[in-house]
Amino acid sequence: MAGILLVEDDPSVRTGLELALARQGHSVTAYATGEEALDHIRSRRPEIVILDVMLPGIDGVEVCRRIRKLDSLPVILLTARGDDLDVVVGLEAGADDYVVKPVEPRVLDARIRAVLRRLESASTDRITFGDLVIDRGALKVTLNAREIHLTPTELRLLLELVRHPGQVLNRRYLLRSVWDHTHVADSRLVDACVQRIRAKIEPTPAEPVFIHTVRGFGYRFSPP
């Protein structure tokens, strides 16, 4: 069971998803606006946020940005069109995943469980690459002795890359191993997440020294 914060302005969709997720065993708190959701997060942290992109007042993308300034908790976006621009902007704002409306509750439940699995870690290994240290047991990453705050998805992707140093991992493989997705069109999830990780761990994100792009294939973790 997960503690879910659902933000959806359409009353019928909100009620339907709230009931469906409750039937799956989740505890759901629902709001119609981003402002209400942000107030809730400040006072009581959920385990995951399900966030509609098209909201009155502060839209879902801006809510996601503000959440990222406060916390690294997982965020799944609901988008009405599957529009590339909506999806890419949302992912760049820090979302972990997205689901296109109309939402199939079983699909959403599967995405929620997949995102939350990324929080789990049975290993206590400390992985060190020069000044970059990854503690899997503590779920903590430090660079030059400074803690780097990664979302669960960002951490899972980084861990997958560092498990194969020097090896090129294609987007399809990363999509399946990190997001549990099989649809190749969702590879933009990988690209957006890599960009966010680079912005946090690379000295110069435009000239990465840890995560390298291999054009036409995928990504390779090659520490200096």
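**Close-ups of a predicted model**

**View 1. Leucine 51 and what it touches.** Skipping residues up to four places away in sequence, leucine 51 touches Val7, Gly60, Val63, Cys64, Val75, Ile76, Leu77 and Leu78 (contact means heavy atoms within 4.5 Å). This is a predicted model, where local features need pLDDT of at least 70, side-chain atom pairs count only at pLDDT 80 or more, and totals for chains, interfaces and linings use all residues. Residues are numbered from 1 along each chain as its sequence is written, and side-chain values use heavy atoms, with hydrogens and water left out.

**View 2. The nonpolar cores.** A nonpolar core is a set of buried Ala, Val, Leu, Ile, Met, Phe, Trp, Tyr and Cys residues joined through side-chain atoms within 4.5 Å; buried means under 20% relative accessible area, with a 1.4 Å probe and protein chains only. The largest one here has 51 residues, and Leu51 is among those with the most contacts inside it. Helix H8 (residues 188-201) gives the largest share, 7 residues. A second, separate core of 16 residues includes Ala2, Ile4, Ile50 and Val99.

**View 3. Helix H8, mostly covered.** Helices are DSSP runs of H or I with at least four residues, strands are E runs of at least two, and both are numbered from the N terminus. In H8, 10 of the 14 residues are buried, including Leu189, Val190 and Ile197.

**View 4. Isoleucine 76 in strand S4.** Isoleucine 76 lies in S4 (residues 75-79). Its relative accessibility is 0%, so isoleucine 76 counts as buried. Leaving aside neighbours within four places in sequence, its contacts include Ile48, Tyr98, Leu108 and Val115.

Conventions: Buried means under 20% relative accessible area, exposed over 50%, partly exposed in between (1.4 Å probe, protein chains only).
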